[in-house]
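Let's take a walk through a protein model together. Keep the viewer open while you read.

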Amino acid sequence: MTSLAAPVRTTHDFRAQVDRALERFFAAKSDELPGDEHLDRLMTELRAFVFSGGKRLRPLLCLLGWQGALSTSPPDELAAAAASFELFHTAALIHDDIMDASDTRRGRPAVHRAVGVPAAIIAGDMCWAWSDEMLRTSGLPERNLTAALPTIATMRTELMAGQYLDVSPPGLEEARLAHAHRVNLLKTSRYTVVRPLQVGGILAGASPELLEVYQQAGELLGSAFQLRDDLLGVYGSPCETGKPNGDDLRNGKRTVLVALALRGADDRQTHLLRTHLGDPQLTDDEAAALRDVITDTGARAETEQLIADQTSAAIALLTNAPMQPHGRTELIDLATRLAFRSV
């Protein structure tokens with residue numbers, strides 16, 4: 001492995017390294033495929049999707065998992081290994097948009113709108129396979145990669161389980177809040193935060209004690225991240241989020257936010273929620289009425305409080321964790337920015 005001349009001091013530096021690793025990977029894949037206008041179009045669409053935005057959150061958390069365990073400079077190869085999370089995330093987003101029938105993602109047409117549903121399914125599968133290839137060819141020592149593979153396998157199973165639960169809501173109203181929290185745990189907390197942190201830590205030889213802190217704090221931070229995402233899906237500005245703010249309502253997503261609203265709704269509000277939630281023809285006025293109901297039931301304020309409480313609890317765990325100071329500071333800063341973001 002080749003060490004950097006100096007430690008990566010900022011997540012901005014590492015994000016640029018991840019992007020360069022992705023550029024190299026896409027260039028190699030383009031060279032590997034036979035010349036064909038249809039394949040060229042698919043590769044162009046995939047590349048445009050990957051580089052059209054995104055926070056690079058999972059690669060950054062992989063870095064911070066490493067930096068929490070070691071004070072030494074991360075090797076160059078860590079960027080390629082961490083970038084594999086971005087390809088896996090791309091696969092998940094492409095398939096998620098198909099299931100949700102979403103029109104846009106990151107301010108541009110969703111992949112299935114650009115190339116069609118069958119081609120988008122294939123594109124998602126390609127990115128899934130490529131994520132494994134990018135990790136294995138990152139250049140990190142085989143023993144390090146082998147140690148991380150069980151955690152990555154668990155992450156993939158958890159995400160698929162969360163996706164399945166997301167499209168299989170319970171029939172009983174009283175079970176929906178617990179169900180929504182379970183979906184968040186599997187589909188976001190562990191896949192988005194816990195497992196990338198742990199993989200970075202494992203690659204750096206982190207202690208079992210630190211990996212357990214990553215588990216506990218990561219679940220709290222991942223939940224706060226998803227709760228913020230739920231709020232942005234209903235109240236966020238489309239110009240900032242890149243997605244219409246009525247999609248979650250039109251799709252009838254049974255988020256924690258919606259479950260809290262249903263729990264606190266009176267008869268009139270319950271009727272409005274059940275009548276309009278999940279209506280693909282939902283008008284802007286009807287969406288505004290649903291937003292008013294969610295606010296008036298106290299669900300919006302309760303969700304904000306959950307975000308604040310979970311973020312505070314996670315920071316307390318990290319503050320007392322056996323971590324390297326730089327990694328701790330960067331992780332707490334990133335967690336705070338994500339929990340209270342506007343995009």
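## Before we start

This is a predicted model, so to speak of a local feature we need pLDDT of at least 70, side-chain atom pairs count only at pLDDT 80 or more, and totals for chains, interfaces and linings use all residues. Residues are numbered from 1 along each chain as its sequence is written, and side-chain values use heavy atoms, with hydrogens and water left out.

## The cores

A nonpolar core here is a set of buried Ala, Val, Leu, Ile, Met, Phe, Trp, Tyr and Cys residues joined through side-chain atoms within 4.5 Å. Buried means under 20% relative accessible area, exposed means over 50%, and partly exposed is in between (1.4 Å probe, protein chains only). The largest nonpolar core has 71 residues, and the members that touch the most others are Phe14, Leu46, Trp130, Leu203 and Leu318. Helix α4, residues 77-100, gives the most to this core, with 13 residues. (Helices are DSSP runs of H or I with at least four residues, strands are runs of E with at least two, and both are numbered from the N terminus.)

Now zoom in on Leu203. Setting aside residues up to four places away in sequence, Leu203 touches Trp66, Leu78, Leu140, Asn144, Leu145 and Ala148; contact means heavy atoms within 4.5 Å. There is also a second, separate core of 26 residues, and Leu227, Ala259, Ala287 and Val293 are among them.

## Rings that pair up

The structure holds five aromatic pairs. Rings of Phe, Tyr and Trp (its six-membered ring) pair if their centres lie within 6.5 Å; planes under 30 degrees apart are stacked, over 60 edge-to-face, and the rest tilted. Phe25 and Trp130 are edge-to-face, 6.0 Å centre to centre with 70 degrees between the planes. Phe25 sits in helix α1 (residues 11-32) and Trp130 in helix α6 (residues 117-136), 105 residues apart.

Phe88 and Tyr191 make another edge-to-face pair, at 5.7 Å centre to centre and 80 degrees between the planes. Phe88 lies in helix α4 and Tyr191 in helix α8 (residues 176-203), so this pair ties together parts 103 residues apart in sequence. Phe88 is buried at 2% relative accessible area, and Tyr191 counts as buried at 4%.

## Charges over rings

A charge sits over a ring if NZ of Lys or CZ of Arg is within 6 Å of the ring centre and within 35 degrees of the ring normal. Arg156 lies over the face of Phe88, 5.7 Å from the ring centre. Over the ring of Tyr235 you'll find the charged end of Arg300, 3.7 Å from the centre.

Asp97 lies in helix α4 and is buried, with a relative accessible area of 1%. Its C-alpha atom is separated by 25 Å from that of Arg15, 82 residues apart along the chain.

Which residues does Arg341 contact, leaving aside its neighbours within four places in sequence? They are Lys55, Phe225, Arg228, Asp229 and Leu232. Arg341 lies in the segment after α16 (325-339) and counts as buried at 9% relative accessibility.
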